[in-house]
Amino acid sequence: MGNMENQSFLTAPLIHTPHLKTDVESRLQCTDATGTGFIRSCYIAISAFLGIGMLTLPYAVARGGWFALILLVVTSYMSFCTAILIKRCMEADPCVRSYQDIAELAFGRGIRLIVHVLINLELYLVAVGLLIIEGDTLQKLFPDFVVNLLGLRLGGELLSVVVTALVILPSALLTDLGVLSYVFAMGAASIIIIVVSVLFTGVSGGVGFDGKSEILIISGLPTSIALFIACFGGHPVIPTVYLSMKNKHQFRMMMLISFLFNNIIYISIGVVGYLMYGSNVESQITLNLPMGELSSKLAIYTTLAIPVCRYALVMTPVATSIETTGLMNKNGDKRSVRILTRISLLISAAVTACVFPYFEPLMAVVGSICVVLASFLLPCCCYLKISGAYRKWSYELVGIIGIIIFGTMAGIVGTYASVTDLVRKI
């Protein structure tokens with residue numbers, strides 16, 4: 001028990017065997033003169049976690065009441081801890097370059113394949129969510145817009161998704177990662193603009209902060225937790241951020257600042273949206289905003305930019321995975337395969353968005369299944385396996401077991417609640 005008091009969940013070494021630790025330290029390069037600086041690394045990490053799930057946070061708070069904000073903070077802290085665990089797993093072997101490498105190092109090639117599929121499934125569902133957001137926003141702007149095509153009358157959500165797919169198509173065909181990085185930066189800026197615009201609408205847009213609220217709604221907590229978890233699904237990007245840093249010793253502080261910044265954004269939009277509309281808040285806060293106010297228009301029109309800015313970056317890894325499974329050979333037309341793959345993915349995502357045009361249940365499913373597995377359970381299990389920390393009782397082990405229990409329970413109840421909600425809406 002005395003050793004437990006001397007260990008910290010965030011500072012304990014990954015490898016407890018002295019000769020192994022020395023070998024790792026001798027091979028691991030902790031500074032890189034050509035790497036990414038501290039501020040830029042912070043921005044990349046913030047952008048990785050600051051996603052479209054933010055739009056559902058007022059609804060998530062409304063489903064669980066003010067008490068749900070405590071769960072948001074707890075979820076954020078556990079997500080930060082698993083980010084640190086991923087970094088420690090990478091320190092165990094300098095050959096580890098990706099999230100899939102960590103899974104293979106811990107459990108073999110079979111788990112690597114499963115993790116690869118899981119990450120791509122999450123990205124695909126997020127891309128579907130982007131199409132739903134764009135479609136819902138277009139329908140709010142042009143509710144009576146109808147097109148007659150070859151005798152077929154198209155309108156409503158179906159037409160909105162079709163128009164969205166056509167607008168996104170040029171960016172979906174991009175393969176230049178340099179261009180995509182600038183597009184991604186625009187997406188992060190768009191989200192911050194939306195938060196500021198919503199706040200300004202509440203202060204001076206005539207909406208006010210008189211929405212009916214409750215302290216605790218137990219029946220809605222499973223949905224709240226699932227939506228909160230969906231906001232912390234950036235862990236597969238962490239290995240790339242870590243490897244790119246000039247000074248890898250600054251990783252912990254960089255992640256702490258990034259999580260604190262995102263928490264401020266998340267709590268702000270959740271609190272402000274719930275105060276403004278109470279239990280009447282929509283699954284996307286922008287759907288509640290009045291069209292007459294300038295700040296509301298800015299938020300709504302900025303929301304239109306998010307799918308265009310983020311779709312290509314989200315779907316590119318999925319397309320690349322498909323292209324590298326043997327579709328492209330030395331004698332084939334690689335450009336045609338790339339274009340066909342990306343168009344096919346866009347069409348399939350658009351069809352999925354038309355069949356299941358429900359953003360909130362979709363994000364809840366992503367959170368309770370994909371993010372729980374990839375961002376909570378997997379980092380804990382990989383760390384325990386790689387480090388051997390499960391062999392010795394410690395406060396660190398208690399903390400990790402706590403995260404595993406929380407993630408498992410949140411995944412079970414969140415999946416049940418989100419699937420039930422989705423079935424009811426269908």
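Is phenylalanine 259 buried or exposed? Phenylalanine 259 is buried, with a relative accessible area of 5%. Buried means under 20% relative accessible area, exposed means over 50%, and partly exposed lies in between (1.4 Å probe, protein chains only).

This is a predicted model, so local features need pLDDT of at least 70 and side-chain atom pairs count only at pLDDT 80 or more, while totals for chains, interfaces and linings use all residues. Residues are numbered from 1 along each chain as its sequence is written, and side-chain values use heavy atoms, with hydrogens and water left out.

Start with the whole chain. The protein chain has 16 helices and two strands. These are DSSP runs, numbered from the N terminus: helices are H or I with at least four residues, strands are E with at least two. Of the 426 residues in the protein chain, 52% are buried.

Now look at the rings. The structure holds seven aromatic pairs. One of them joins phenylalanine 232 and phenylalanine 259, stacked at 6.1 Å centre to centre with 5 degrees between the planes. Rings of Phe, Tyr and Trp (its six-membered ring) pair if their centres lie within 6.5 Å; planes under 30 degrees apart are stacked, over 60 edge-to-face, and the rest tilted. Phenylalanine 232 sits in the loop between α10 (221-230) and α11 (238-244), and phenylalanine 259 sits in helix α12 (residues 251-277), so the pair ties together parts 27 residues apart in sequence. Phenylalanine 232 counts as buried, at 1% relative accessibility.

Another pair is phenylalanine 376 with phenylalanine 406. Their ring centres are 6.4 Å apart and their planes are at 45 degrees, so this pair is tilted. Phenylalanine 376 belongs to helix α15 (residues 359-387) and phenylalanine 406 to helix α16 (residues 395-425), so parts 30 residues apart in sequence are tied together. Both phenylalanine 376 and phenylalanine 406 are buried.

Next, see how helices pack. Two packed helices are described by the angle between their axes and the distance between the axes. The axes of helix α5 (residues 68-91) and α10 come within 10 Å and cross at roughly 35 degrees. Axes are lines fitted to C-alpha atoms, for helices over the stretch in contact, and angles run from 0 to 180 degrees between N-to-C directions. From α5, the contact uses Ala68, Leu71, Leu72 and Thr75; from α10, Leu221, Ser224, Ile225, Phe228 and Ile229. Contact means heavy atoms within 4.5 Å.
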